[in-house]
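Subject: Structure handover

Hello,

Here is the structure I promised to pass on. Please open it in your viewer and keep it beside this email as you read.

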Amino acid sequence: MTLTYSSYLKLDQLLALQEPLSDGPEHDETLFIVIHQVYELWFKEMIHELDYLQALLAKPDAPRALHTLKRVLTILKVVVAQIDVLETMTPLEFLSFRDRLESGSGFQSFQFRELEFLLGAKTPAALDRYPAGSAHRQRLERRLAAPTLWDAFLKFLRSEGFAVPAESLQRDVTLPVAQSPALQAVLIDVYRHDPTVSSLCERLVDLDEGLQEWRYRHVKMVQRTIGTKRGTGDSEGAAYLLTTLNRPIFPDLWAIRADL
Ligand code: HEM
């Protein structure tokens with residue numbers, strides 16, 4: 001069969017995947033499904049690029065790493081901007097089908113957790129949301145045990161000749177990245193003397209800030225849509241989400257600013 005636009009992109013399959021559950025169905029449920037599916041596709045692409053970024057840092061190939069980071073940052077901008085679209089849905093429009101979500105929640109997005117784990121925001125407790133032995137749990141267990149983007153960056157720094165402290169290079173990769181004053185001294189040296197590596201650091205700060213921006217926009221959307229109601233994932237809703245703000249993934253890169 002001749003390849004066509006539709007056959008290559010599997011459009012018949014793709015466009016059959018939006019199945020509203022509400023009676024009618026309610027008009028806004030289609031938007032809700034589409035936007036979440038689009039998010040998951042972008043999460044997939046970001047994971048794909050960030051895996052590649054780690055490989056480029058290991059090579060090391062700084063120019064290509066910077067190029068890949070730029071792509072991820074551009075996707076992140078799109079992902080944050082998409083919230084505007086969902087904010088056109090009013091609280092009553094959301095309520096028209098919210099019951100149909102039962103306990104389904106973005107809480108359970110295994111790709112979002114994978115993205116967090118890959119970057120360095122490791123929260124082992126998140127695994128409890130996935131049944132033991134399930135494919136999603138196994139996927140997250142592998143990511144939990146794997147070195148993060150930050151670990152790849154530290155090895156890259158060492159390969160560029162910087163004296164990265166052994167305790168940082170040998171840190172327990174299943175834990176979130178903790179601040180290290182000894183490493184901060186090295187990073188200050190990078191900022192003062194190496195424009196290429198320091199621009200890579202700045203792009204990592206963009207990435208960290210971009211994810212925090214997404215969290216802020218998401219919690220504002222939640223506040224305007226469901227106010228103080230509990231989440232479908234049974235958390236305290238916005239009150240829980242507020243606790244996830246201002247938690248940098250790469251704390252050392254923020255800390256050094258006071259000493260530059
Ligand atoms: C009307 C729109 C939305 C509402 C009201 C909403 C509400 C919530 C709430 C209340 C939580 C906390 C967990 C819970 O108890 O359920 C949550 C978590 C989450 N939501 Fe949303 N959400 C919306 C749209 C989205 C979209 C479009 C995405 C994109 C994938 C998303 C991704 C997430 C993620 C990843 C979490 C986990 C955050 C974390 O634990 O740090 N949400 N959402």
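**Around the ligand**

The shell around the ligand holds 28 residues, and Ser-105, Arg-113, His-218, Ser-235 and Tyr-240 come nearest. Keep in mind that this is a predicted model.

Ser-105 has a polar side-chain atom 2.7 Å from an oxygen atom of the ligand. For Ser-235, a polar side-chain atom lies 2.6 Å from an oxygen atom of the ligand. Asp-234 uses its backbone: a polar atom there is 3.5 Å from an oxygen atom of the ligand.

Which elements give two or more residues to this shell? They are helix H3 (29-58), helix H7 (110-119), helix H12 (195-226) and helix H13 (238-242). H12 gives the most, with seven residues. By class, the residues of the shell around the ligand divide into 14 nonpolar, eleven polar and three charged.

Look again at Asp-234. Its place is in the loop between H12 and H13. Asp-234 is not a glycine, yet it has a positive phi of about 70 degrees. Is Asp-234 buried or exposed? At 54% relative accessibility, Asp-234 counts as exposed.

**Helix H7**

Among the buried residues are Phe-110, Arg-113, Glu-114, Glu-116 and Leu-119. What do the buried residues of H7 pack against? They pack against H3, helix H8 (135-145), helix H9 (149-159), H12 and H13. Gly-120 follows H7, and its phi is positive, near 135 degrees.

**Two cavities**

How many cavities of 30 Å³ or more does a search of the whole structure find? It finds two.

Take the largest cavity to begin with. Its volume is about 50 Å³. Tyr-39, Phe-43, Met-46, Leu-76, Val-79, Phe-112, Leu-115, Leu-211 and Trp-214 line it. H3, helix H4 (62-81), H7 and H12 each supply at least two residues of this lining. H3 gives the most, with three residues.

Now the second largest cavity. About 30 Å³ of space lies in it. Its lining consists of Met-46, Leu-50, Val-72, Leu-76, Leu-115, Leu-119, Leu-207 and Leu-211. The elements that give two or more residues to this lining are H3, H4, H7 and H12. By class, the lining of the second largest cavity has eight nonpolar, no polar and no charged residues.

Compare the two lists of lining residues.

**The whole chain**

Now zoom out. The protein chain has 14 helices and zero strands. Its C-alpha atoms fill a box of roughly 65 × 55 × 35 Å, taken along the principal axes. Of the 260 residues in the protein chain, 43% are buried.

What share of contacts between residues at least 6 apart in sequence join residues at least 24 apart? In the protein chain, the share is 71%.

**Backbone details**

Some spots in the loops are worth a click. The peptide bond from Gly-24 to Pro-25 is cis, with omega near -10 degrees. Pro-25 sits in the loop between helix H2 (11-15) and H3.

The peptide bond from Lys-59 to Pro-60 is also cis, with omega near -5 degrees. Where is Pro-60 found? It is in the loop between H3 and H4.

Lys-10 is partly exposed, with a relative accessible area of 48%.

Begin at the ligand and find Ser-105 and Ser-235, each with a polar side-chain atom by a ligand oxygen atom. Finish at the largest cavity, with its volume of about 50 Å³.

Best wishes

Methods: Residues numbered from 1 in each chain as written. Predicted model: local features only at pLDDT ≥ 70, side-chain atom pairs only at ≥ 80, totals over all residues. Heavy atoms only, no water. Near = heavy atom within 4 Å. Polar contact = N/O pair within 3.5 Å; in protein donor to acceptor, adjacent residues only side chain to side chain. Helix = DSSP H or I, 4+ residues; strand = E, 2+ residues; numbered from the N terminus. Nonpolar A, V, L, I, M, F, W, Y, C, P; charged D, E, K, R; others polar. Buried < 20%, exposed > 50% of the residue type's maximum accessible area, 1.4 Å probe, protein only. Contact = heavy atoms within 4.5 Å. 1 Å grid on protein atoms, 1.4 Å probe; cavity = no way out; pocket = protein on both sides within 12 Å on 5 of 7 lines; lining within 4 Å. Points joined across faces, edges and corners; volume = space filled by probe spheres on them.
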